[in-house]
Amino acid sequence: MSQSVPRPRRCLAAHAVSLALASLAVPGAHAAEPAPQPEAPPADTAQVIVTAQSRSQQIQSVPIAVTAMSGQQLKDQGAANLSDIDSFVPGLSIDTSQPTRPNIFLRGVGTLDFGIGTDSPVGIYTDGVYTGKTGGSLLNFNDIKRIEVLKGPQGTLFGRNAAAGAISIVSNDPVGRVEGSGLVRLGENGLRHEELMYNTPLTDNLAFRISAVDQGSHGWTRNAFDGSRAGGDRDSGGRAALRWQDDNTSAVLSWEHEKMRGPGPATYSVTGGKVNFGGPDVWTAPLDNPLSNDAAINRQSRTFDGVTLRVERALPFATLTSTTAYRHFNTQNWQDMDGTSNPAAYLAIGNVESNSTWQQEFKLNGQSGPFDWVAGASAFRERATQRQEVNVTTTSLDTLFQHAAGLSPYATLTQLAQGIGKATGNAALQGVKLTGLPWQESINDVGGYRAFAIYGDVIWHAANDTNLTLGGRYTADHKAFNWYNPARTASALDAQLATLNQAQFFPTATALKLLTAQQSGLLQKLVQSNVQFNNPGSTSAPYAVSKSWSNFSPRVLLDKHLGADHMVYASWSKGYQAGGFDAVGVNGHYEEELVTSMELGAKGEWRAAGLTYGAALFQYDFTNLQSLTLVPNSGATGIPSYQVANSDQGATGLDLDVQWKINRTWRLTGSLEYIDQTYDKYVSPTGVNISGQAAGTPYFSAALGAAAKWQALDGNADFSVQYGYMGKRRCNDDTYKQGLCRPDSAVGAGKAQERVDLRLGWTAPSGRWGVGLVANNLMDKQYVNVSTLGEAVGSPYVYVTRPRSLALELRVKL
């Protein structure tokens with residue numbers, strides 16, 4: 001294998017990258033690979049290298065609140081994807097009630113919008129490439145090198161949609177030596193997880209790496225309605241990469257694929273399976289009753305493909321990196337939305353989404369005298385389509401109308417028709433039955449988006465112990481969007497209505513004074529009109545709009561080193577996210593989202609004691625924080641509606657992180673976040689004034705961990721335990737009224753959460769194979785997330801988190 005040519009000192013950043021490449025994959029900054037270097041042991045926190053600032057730096061030297069987890073840590077923990085790590089990263093919250101539409105929050109900031117018209121303010125990047133909509137973000141970990149969670153605005157270097165923070169996932173690239181590994185994990189409820197990886201040099205300049213992951217389970221609960229298993233899925237994926245390099249250039253071409261299939265999310269009734277419009281005060285514990293979901297279609301799926309070409313070239317004055325990427329995914333989510341098998345409450349939805357993105361970025365890294373700099377330009381294009389479908393029956397529509405207007409149109413018409421049929425001897429009318437018939441509505445969205453940006457970031461080494469960083473990004477966004485909500489589909493109902501019309505039912509009922517002329521006209525219109533998606537401007541043809549936004553987001557950062565092992569820093573930065581559109585509300589749109597953040601921090605270590613620490617005091621103000629709020633029982637029909645909401649919010653908080661390497665055997669970790677997040681002047685879409693009240697984020701979240709390695713049975717044993725805690729959600733008058741946040745109620749929405757993951761393993765003396773026991777959610781704690789959508793038919797419901805999972809594993813290496 002060819003050796004890398006030493007670089008002149010004028011390109012300090014590129015030199016740092018080349019030194020780190022043997023043990024760390026650096027997105028967007030890969031140089032020719034030097035001779036293989038042993039990876040630093042996970043216990044030695046001071047040697048963790050991250051690329052949070054588009055430069056290869058030790059984590060303790062990065063003046064940003066950042067949490068890093070190695071691929072080995074993720075594997076030991078049994079983490080399959082991002083949703084398995086949020087309990088152990090204080091400030092990070094990922095709700096996977098609907099895995100194809102996850103909600104991601106960082107430092108209390110995220111979005112509940114599941115439509116294609118907007119994005120999450122927490123940007124997720126894989127090897128420097130923005131993953132697009134959240135529907136394609138929760139992929140399984142596949143040959144991961146490390147994960148970095150960066151808190152606070154990261155738009156200067158990470159770019160798109162990182163106003164609240166960024167999650168950077170770094171994959172392993174091919175290396176110039178033969179490597180191979182495998183893992184099999186088997187557990188309860190049919191749980192199995194398999195991983196394979198093989199890496200080989202093909203020539204002196206070319207290496208190939210391929211990996212595959214397959215996992216799934218039968219599910220942890222059973223649906224009493226049809227006896228099927230629920231809570232499980234099947235997820236498989238592969239990754240293949242080629243790396244070519246010479247003395248001055250390296251290129252990595254990679255392909256990723258994933259396919260997920262499973263039943264729809266399980267939804268538990270909080271009204272005991274009965275229609276009850278009594279509100280949160282009458283709700284009961286959901287797990288006191290069996291799961292009973294009767295959605296006609298009950299499944300979810302995702303298919304994802306991505307191709308990335310990253311080329312790096314050493315120039316005389318800098319290192320040029322080009323990243324070209326294409327991503328495409330399709331998702332489907334069909335599920336029960338009333339949590340019961342009660343025909344009077346039948347409500348089901350479907351969401352079908354397709355998304356394609358193309359991205360190109362050029363980046364220059366260099367060093368000139370006392371200046372270490374990065375400059376670049378990027379272009380992004382996206383096309384997304386979404387079909388959202390609501391399925392009810394005429395019986396559940398009667399439940400809705402009866403509660404909203406005191407009228408049951410389909411039961412009433414059935415009774416009248418049969419009565420008139422008997423009185424007149426009309427057999428056709430006697431056989432009319434308008435109840436229990438399917439009714440479907442949908443809204444179809446298409447979005448086309450473009451974004452262009454130029455950016456720069458300069459670190460001025462003003463003195464041996466002082467650095468000043470200035471950075472900025474100018475972004476221009478253009479978005480085009482259209483909505484189309486066709487007339488409802490109800491073929492069986494239409495056949496029955498045709499029978500009524502042929503028999504002159506409405507004129508007869510009016511003549512017999514069973515209906516007034518006004519009532520007759522109202523009923524005829526009601527049975528033909530959309531109930532949920534009923535905007536007349538987009539019924540016959542799509543309604544199209546477009547809008548553009550632009551922004552300059554700067555950052556200023558000063559850090560000072562207090563000796564060799566301690567550092568303090570202060571930063572001021574702004575973040576930006578373009579506006580967007582309400583996918584379910586025709587012509588509804590969001591304003592651009594802006595954030596101003598200030599942070600004071602300190603990092604350091606006491607080497608003799610094996611102790612490292614990090615602390616950050618932060619304050620931020622968000623303007624037009626984007627969210628989509630479900631407003632229950634609004635309008636004449638009583639159908640809950642999603643409404644665009646833009647709120648101003650502010651927060652003050654503290655992050656702490658400590659790691660203690662006690663000795664060669666034991667390592668302890670601890671982290672904590674305190675945050676006080678409140679609304680400014682704000683009236684919620686439900687009409688409740690919650691100005692100055694809590695935005696919901698808990699005051700405290702924390703994580704504790706212990707890990708040990710020691711010799712046993714001529715081999716090596718390892719033990720690790722992770723404890724995660726998130727305090728109870730801070731309710732406000734609006735969320736308490738809706739039942740979304742009542743920690744002390746029977747449902748327990750928003751109560752404090754705990755999770756413990758444990759591993760005990762042993763590796764053979766050869767290091768070629770090992771066995772282990774992995775326990776996720778050891779204390780068997782389950783928590784709920786409330787949805788009030790079912791309140792339209794008197795049947796709100798909750799999603800429930802997974803119970804404990806125990807598994808045995810076998811690992812092998814070449």
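Visitor: Which residue stands opposite Trp334 in E19?

Guide: Strands of a sheet pair through backbone hydrogen bonds, either parallel or antiparallel. Here Arg299 stands opposite Trp334 in E19. Please note that this is a predicted model, in which local features need pLDDT of at least 70, side-chain atom pairs count only at pLDDT 80 or more, and totals for chains, interfaces and linings use all residues. Residues are numbered from 1 along each chain as its sequence is written, and side-chain values use heavy atoms, with hydrogens and water left out.

Visitor: How many bridges join E18 to strand E19?

Guide: Helices (H or I, at least four residues) and strands (E, at least two) are DSSP runs, numbered from the N terminus, and two strands pair if DSSP finds at least two bridges between them. E18 and E19 (residues 319–336) run antiparallel and are joined by 16 bridges; they form a hairpin with 4 residues between them. E18 (residues 299–314) is also joined to E16 (residues 249–262), again antiparallel, by 14 bridges. Within that pairing, Val311 in E18 is the bridge partner of Ala251.

Visitor: Which residues make the nonpolar surface patch?

Guide: Like charges are joined within 9 Å, and nonpolar side chains (Val, Leu, Ile, Met, Phe, Trp, Tyr) within 5 Å; areas come from the Shrake-Rupley method with a 1.4 Å probe, and for residues only the protein chains shown count as cover. In this model Leu202, Leu242, Leu253, Trp255, Val307, Leu309, Tyr326 and Trp358 make a patch of about 700 Å². The elements giving two or more residues to the patch are E16 and E18.

Visitor: In helix H8, which residues are buried?

Guide: Buried means under 20% relative accessible area, exposed over 50%, and partly exposed in between (1.4 Å probe, protein chains only). In H8 (residues 517–526), Ser520, Leu523 and Leu526 are buried. They lie on the same side of H8 because they cover an arc of only 135 degrees around the axis, taken from the directions from the helix axis to the C-beta atoms. On the other side, Ala517, Gln518, Leu522 and Lys525 are exposed. The buried residues pack against helix H3 (394–405), helix H4 (409–424), strand E22 (438–463) and helix H7 (505–511), where contact means heavy atoms within 4.5 Å.

Note on methods:
Patch = residues over 30% accessible without salt bridge, like charges linked within 9 Å, V, L, I, M, F, W, Y side chains within 5 Å. Salt bridge = Lys/Arg side-chain N within 4 Å of Asp/Glu carboxyl O.
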